[in-house]
Amino acid sequence: MVYFILVLIAAIEIIVLGINRSVFANIPLVEFYIVPLIIVIAVAILLSRRPNRMMRIARQGFFTAAIIVLVFVPVIYTNNLPLYSYEEAKDILAQREQLLLSQFMEGDKVYESSGPQNSQRRQYLLTVARGEQVLKYAFDPFSGGFELISRGDKQ
């Protein structure tokens, strides 16, 4: 029964991470947080199949480690979440640059910025069709700032 509860909690956390992945355009990287949860599920299933072969200390150690993982993964993830979601970034950019939401184009959602100021921080990539031009903006989801990174012709 305890193994079932551990697997259930880990599965719920994975589902929530999957939902947040699309809301925040995978910033921060969800895969980093899913791996320990998958390990908890795999070990819990393995231990539930062979309860007699495992030593008592090993089971207690696993339960302690599993509880630590199940508590700290959501805490650390929520502490690293950006201030703005991808849709909020669209709304903010539309207001500040006087754009219509229908002008935003689908495509890549993440821009890997580099430089001394950003130090390899992931940002939202917002592509806008304005007249005959295609504008690409990098939106920092942690501060709310944005910058025009490219301007090209529509083809």
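1. A residue counts as buried when its relative accessible area is under 20%, as exposed when that area is over 50%, and as partly exposed in between. In this predicted model, Phe142 has a relative accessible area of 29% and is therefore partly exposed.

2. Phe142 belongs to the loop that lies between strand 4 (133-139) and strand 5 (146-153). If neighbours within four places in sequence are set aside, the residues in contact with Phe142 are Ile27, Asn80, Leu81, Pro82, Leu83 and Arg121.

3. Apart from neighbours within four places in sequence, the contacts of Lys90 are with Leu101, Phe104, Glu106 and Leu126.

4. The largest nonpolar core contains 17 residues, and within this core Leu17, Leu37 and Phe62 are the members that touch the most others. Two or more residues of the core are given by each of helix 1 (2-23), helix 2 (31-49) and helix 3 (56-79), with helix 2 supplying the largest share, seven residues.

5. For Phe62, one of the residues that touch the most other members of that core, the contacts beyond four places in sequence are Tyr3, Leu6, Val40, Val43, Ala44 and Leu47.

6. The packing of helix 1 against helix 2 has an angle of about 160 degrees, and the two axes are 9 Å apart. Because angles over 145 degrees count as roughly antiparallel, helix 1 is described as roughly antiparallel to helix 2. The crossing in which helix 1 passes helix 2 is left-handed.

7. On the helix 1 side of this contact are Tyr3, Val7, Ala10, Ala11, Glu13, Ile14, Leu17 and Arg21, and on the helix 2 side are Glu31, Tyr33, Ile34, Leu37, Ile38, Ile41, Ala44, Ile45, Leu47 and Ser48. Sorted by class, the residues of the contact comprise 14 nonpolar, one polar and three charged. Leu17 and Leu37, which take part in this contact, are also among the residues that touch the most other members of the largest nonpolar core.

Terms used. Residues numbered from 1 in each chain as written. Predicted model: local features only at pLDDT ≥ 70, side-chain atom pairs only at ≥ 80, totals over all residues. Heavy atoms only, no water. Core = buried A, V, L, I, M, F, W, Y, C linked by side-chain atoms within 4.5 Å. Buried < 20%, exposed > 50% of the residue type's maximum accessible area, 1.4 Å probe, protein only. Helix = DSSP H or I, 4+ residues; strand = E, 2+ residues; numbered from the N terminus. Contact = heavy atoms within 4.5 Å. Axes fitted to C-alpha atoms, helices over the stretch in contact; angles between N-to-C directions. Parallel < 35°, antiparallel > 145°, perpendicular 65-115°, else oblique. Left-handed = near helix turned anticlockwise from the far one by under 90°. Nonpolar A, V, L, I, M, F, W, Y, C, P; charged D, E, K, R; others polar.
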